[in-house]
Amino acid sequence: MTAPLLALDDLVVSLRSNPALRAVDGIDVEVAPGEAVALVGESGCGKSVTAYSLLGLLAPGLAARGTVTLDGAAHDLADGDRLRPLRGRDVAMIFQDPLTALNPVMPVGRQLEDVLRVHTALHRRGRRSRVLELLERVGIPAPDRVAGSYPFELSGGMRQRVLIAMALSCRPKLLVADEPTTALDTTVQAQIMDLLRDLVHDEDMAMLFISHDLGLVAEFCERVYVMYAGRVVETGTVRRVLERPDHPYTRALVDCLATMGQGADRLATVPGSVPGTDAMPAGCRFAPRCPYAVDACRTTDPRLAPLPDGGQAACLRIGELPDARSGLTGQAEGTR
Amino acid sequence: MRETAGASAVAGSAGSAGPAEPVLAAAGLTRTFRLRGGQGEVQALRGVDLTVDAGASVGLVGESGSGKSTLARIVAGLIRPTAGSLRLLGREVADASERRRRALSRDVQMIFQDPRASLNPRLPIHRTIAEPLRTHGLPARRAEVARLLDRVGLPARVAELYPHQLSGGQCQRVGIARAIAAGPRLIVADEPVSALDVSVQAQILNLLKDLRDELGTAFLFISHDLGVVRFFCERVAVLYLGQVMESGATERVFATPRHPYAQALESAAPAVRLAERRSRIVLQGDPPRPEDPPSGCPFHTRCPVRIGPVCDEVEPAAYPVGDGFARCHLLTPEEGR
Amino acid sequence: MAGPETAGPGAAETVAAPRASFQRRLLATTGQKVAWTIVALFVLAALAAPLIAPFDPNAQDLRHTLQPSGGGHLLGTDDFGRDQLSRLFYALRSSLVIGVLTTFGVALIGLPVGLLAGYARGALDVVVARAIDIGLALPSLVLALGLIAAMGAGLRSTVIALIVGYSPYLARVVRSVVLQVRQEEYVESARVTGVRPWRIVLRHVLPNVLGATTVQLTLIFAFAIVGEAGLSFVGLGVQPPSASLGNMLAEGANYTLEAPMLAIAPGVAIAVLLMALLFAGDGLRDVADPRRSR
Ligand SMILES: Nc1ncnc2c1ncn2[C@@H]1O[C@H](COP(=O)(O)OP(=O)(O)OP(=O)(O)O)[C@@H](O)[C@H]1O
Ligand SMILES: Nc1ncnc2c1ncn2[C@@H]1O[C@H](COP(=O)(O)OP(=O)(O)O)[C@@H](O)[C@H]1O
Ligand code: SF4
Ligand code: SF4
Ligand SMILES: [Mg+2]
Ligand SMILES: [Mg+2]
């Protein structure tokens with residue numbers, strides 16, 4: 001791999017009220033320039049917390065520890081304010097709910113101009129025309145009109161486009177997208193994903209794409225980190241992870257999806273749910289839900305280890321598990 | 001005693017619906033909302049025809065604002081239609097009085113999208129589950145509540161807890177227990193798994209399927225996720241701007257959609273299977289606002305295969321396709337255009 | 001029955017512990033501990049007034065009027081030479097009685113009216129809502145003056161005047177909360193279940209409205225004490241020689257130069273009580289809400 005654009009090293013996010021409780025517990029993430037990398041997992045696994053700590057935007061009740069190296073320069077994650085200069089300029093973020101990320105009482109064009117004022121040396125005129133240019137770039141049909149609109153006057157898809165325009169305004173090297181299409185309709189979701197794909201390609205921007213939807217990840221990203229209960233449990237190329245998932249959690253997730261897509265009679269499930277920060281099981285955190293768990297799993301905490309065919313997984317029984325062949329490799333299917 | 005009274009009332013309702021009578025039959029169902037401050041109106045539903053046979057599951061898909069919840073709320077008796085006919089278990093309820101409508105509540109139940117919001121935060125779970133039993137004069141002892149909890153896969157001690165102490169998936173199981181408690185013939189499920197994680201979705205969908213097969217309850221099942229509808233429903237109706245654009249057997253509609261909107265919707269769904277990646281139809285523009293619907297075919301502003309002025313001017317009729325229909329001029333015999 | 005993987009999950013999931021104790025939730029923060037301690041001290045002082053008051057609150061001593069503190073009179077004496085501290089204890093009694101009675105009265109009228117206005121539809125809603133508006137529009141002082149003129153001044157008529165004045169205010173708050181609660185999915189699901197409207201109001205709407213109105217009720221308790229003081233300034237309210245925080249403050253205001261303590265003591269008492277009540281009210285709301293327990 002070329003020198004990474006982003007390297008997150010041993011990120012720990014703990015609760016200020018009780019530092020023994022950790023929402024994220026020692027994860028490493030790397031993103032190469034121009035690469036689209038996914039962070040997947042059920043809700044509550046720590047995906048958003050990871051993204052927010054990267055930008056120094058953690059909720060006041062949480063404290064981060066670790067370092068982030070961006071484009072060769074290392075920054076301490078403990079001090080969120082020190083990360084502020086990076087926001088917008090080197091790293092931009094888009095959110096799940098575009099409405100809450102916009103100021104409700106200001107036309108979106110003015111909000112875009114404000115961002116430009118902070119991060120560029122453009123003059124008034126220059127800013128105005130750059131705003132229209134950006135809106136056009138994200139596929140907004142009448143940039144003039146939309147620039148003068150308030151967020152509530154725009155549809156969800158339009159608002160997400162405005163947020164993307166805002167994120168692009170300073171040509172960031174990395175775009176962090178936290179479930180950017182979860183709140184959108186299927187057909188609008190397809191539009192936004194298309195737009196993001198083009199942008200990553202044309203602007204040579206890297207992307208950290210957070211999602212619980214493996215389907216989107218499969219279509220869109222090159223590498224993936226699978227998170228469970230604040231840890232990375234498997235990582236590798238999307239192709240390998242979806243076709244031959246090694247970790248039992250990834251297998252379970254992939255099975256869920258595969259059975260849904262196949263019109264199966266019953267869906268594969270992952271029994272139970274993600275443990276909260278205050279109820280982390282000892283040993284392997286997935287053990288209470290893992291069909292392959294043995295006694296050792298309840299006492300020994302598995303660490304990420306390299307896999308023979310590339311990538312890494314954190315499971316004590318990696319070599320002993322039955323051969324994984326997810327349903328996603330694409331045998332012909334009756335309905336198509 | 002009340003219990004026997006309740007039981008005979010059900011027997012009566014079952015008797016009035018003949019064996020061939022669908023549990024739900026809507027014809028020309030229309031609902032108009034007046035906008036705040038008298039600024040015009042929205043047609044949330046425009047002449048919807050829909051049938052759900054006893055024990056069948058019919059899916060309803062469509063984008064936000066297409067009228068899915070409006071239809072669900074009408075069927076569940078929360079709001080009234082403005083026009084059209086709605087027969088539930090063989091009885092016309094479109095203009096039924098509140099009391100007559102309430103008499104049907106034992107047979108028509110609903111599962112909501114937001115599992116936690118649909119449970120009263122101040123009531124312990126056992127009281128929420130017992131409510132339909134008490135309301136319909138059925139025995140509501142703790143053992144009965146425990147049996148219902150067990151049936152939806154929850155431990156009995158959940159009965160003592162409050163909604164905020166449960167996960168979203170657990171809350172939805174409670175919502176399901178409440179919905180099946182009084183033995184309904186039709187359950188309206190408005191996006192019952194949309195707020196849940198994929199893995200929990202799968203748990204809940206399996207549970208619903210088991211219960212359906214076991215109890216023979218019919219479902220009107222709303223979702224914007226085609227995969228979910230495909231798993232759960234034999235038939236599906238595709239809603240756009242308050243109209244059914246296409247309906248038919250689920251497999252047929254997803255394998256060979258005939259309406260261009262149904263085609264776009266089907267192709268937009270992310271495909272996980274790596275071999276299935278394909279070029280997809282990405283629609284241009286946003287769905288039109290329902291308060292300002294386009295003339296002619298409601299889909300013409302985004303339709304990638306629009307055939308000409310006829311689409312802008314003439315509202316297409318429903319053409320039979322398989323055992324369902326589709327509303328598109330493309331299906332008109334050539335000379336009829 | 002559900003298959004193995006649907007039966008398992010509930011059991012495998014962590015299920016939270018039952019609700020924290022009433023006390024623990026009531027005294028959740030230091031601020032609330034302090035507030036409740038103050039309220040409790042005031043109530044105790046009022047209840048125990050006959051025991052702890054060093055003097056008869058009405059015993060006059062015309063040779064020692066307007067004394068500064070000292071000589072057995074911790075807070076000095078007033079213009080009739082009565083012991084200020086003793087009067088303060090008794091004043092607390094009447095003021096708290098006024099607060100409690102007014103709050104109860106307002107709750108008794110405002111809650112049902114607000115519930116009715118919020119949950120009823122059509123003509124009934126319009127009529128009740130209009131009545132509330134009219135009640136709010138009437139200047140409360142004029143209303144109180146009229147009522148007291150008709151019934152004669154005194155504690156009873158003061159309470160009635162305050163109840164009439166504050167009820168529309170509570171009714172309006174309750175109505176708007178009801179309008180919001182009735183849209184909640186759990187109310188809709190009760191309707192779908194076929195629960196009768198009055199039962200929905202009692203079981204689903206009222207408890208959730210109560211939670212949102214406890215703060216209003218403590219506010220009204222506090223307002224009642226201040227309102228009585230206001231009435232005392234125009235010679236109404238609790239009539240001398242009975243003491244209330246209001247009439248003590250009003251009388252004391254005549255001697256701010258000679259004996260500032262006469263106004264300061266009841267003034268501080270009102271202010272402290274008010275603050276404590278407002279803080280405590282927040283705590284009360286949290287107690288009523290299972291979601292806020294941890
Ligand atoms: N009470 C109401 N007053 C005014 N307009 C309403 C009301 N309820 C629904 N509408 C309008 O009716 C249309 C259909 O709404 P509906 O909630 O049925 O959509 P939906 O298909 O369920 O969408 P979603 O996927 O977002 O849930 C929308 O334009 C909506 O704004
Ligand atoms: N402000 C906060 N205070 C305490 N715990 C939090 C806070 N935000 C998130 N958490 C906890 O951190 C964990 C991960 O949350 P999150 O990153 O939001 O998950 P995801 O984005 O993967 O759904 C969860 O257990 C959540 O409860
Ligand atoms: S370590 Fe054990 S419990 Fe954990 S994932 Fe591997 S097999 Fe399952
Ligand atoms: S009628 Fe015309 S615009 Fe409408 S879907 Fe058919 S081809 Fe498209
Ligand atoms: Mg998240
Ligand atoms: Mg809806």
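In this predicted model, A:D90 is a buried residue, with a relative accessible area of 12%. The partner of A:D90 is A:K173, with which it forms a salt bridge whose closest N and O atoms are 3.1 Å apart. The pair joins distant parts of the chain, since A:K173 lies in the loop between α5 (156-168) and β7 (174-178) of chain A, whereas A:D90 lies in the loop between β5 (73-76) and β6 (91-94), 83 residues apart. Unlike a buried residue, which would fall under 20%, A:K173 counts as partly exposed, with a relative accessibility of 35%.

In one of them, B:R212 forms a salt bridge with B:E234, the closest N and O atoms being separated by 3.7 Å. Here B:R212 sits in helix α7 (residues 198-215) of chain B, while B:E234 sits in the loop between α8 (226-232) and β9 (235-240), 22 residues apart, and the pair again links distant parts of the chain. B:R212 is buried, at a relative accessible area of 9%, whereas B:E234 is partly exposed, at 40%.

In the other, B:R235 pairs with B:D323, with 2.9 Å between the closest N and O atoms. B:R235 is partly exposed, with a relative accessible area of 27%.

| Residue | Partner | Closest N and O atoms |
|---|---|---|
| A:K173 | A:D90 | 3.1 Å |
| B:R212 | B:E234 | 3.7 Å |
| B:R235 | B:D323 | 2.9 Å |

Over all chains, the count of salt bridges comes to 42. In chain A, a network of salt bridges links A:R22, A:D25, A:R231, A:R285, A:D301 and A:R303.

Turning to chain A as a whole, the fold contains nine helices and twelve strands. Its C-alpha atoms fill a box of roughly 65 × 50 × 35 Å along the principal axes, and the radius of gyration of chain A, 21 Å, agrees with the value near 20 Å that a compact globule of 336 residues would have. Buried residues account for 55% of the 336 residues in chain A, and, of the contacts between residues at least 6 apart in sequence, 65% join residues at least 24 apart. The accessible surface of chain A is about 14000 Å², with 51% of it belonging to carbon and sulfur atoms. Chain A carries 36 positive and 42 negative charges, whose mean positions are 5 Å apart.

Conventions. Residues are numbered from 1 along each chain as its sequence is written. Chains are lettered from A and ligands numbered from 1 in the order in which they are written. This is a predicted model: local features need pLDDT of at least 70, side-chain atom pairs count only at pLDDT 80 or more; totals for chains, interfaces and linings use all residues. Side-chain values use heavy atoms; hydrogens and water are left out. A salt bridge is a side-chain nitrogen of Lys or Arg within 4 Å of a carboxyl oxygen of Asp or Glu. Helices (H or I, at least four residues) and strands (E, at least two) are DSSP runs, numbered from the N terminus. Buried means under 20% relative accessible area, exposed over 50%, partly exposed in between (1.4 Å probe, protein chains only). The radius of gyration is taken over C-alpha atoms; the globule rule is 2.2 Å times the number of residues to the power 0.38. Contact means heavy atoms within 4.5 Å. Accessible areas come from the Shrake-Rupley method with a 1.4 Å probe; for residues, only the protein chains shown count as cover. Lys and Arg count as positive and Asp and Glu as negative; His and the chain ends are not counted. The place of a charge is taken as NZ of Lys, CZ of Arg, CG of Asp or CD of Glu.
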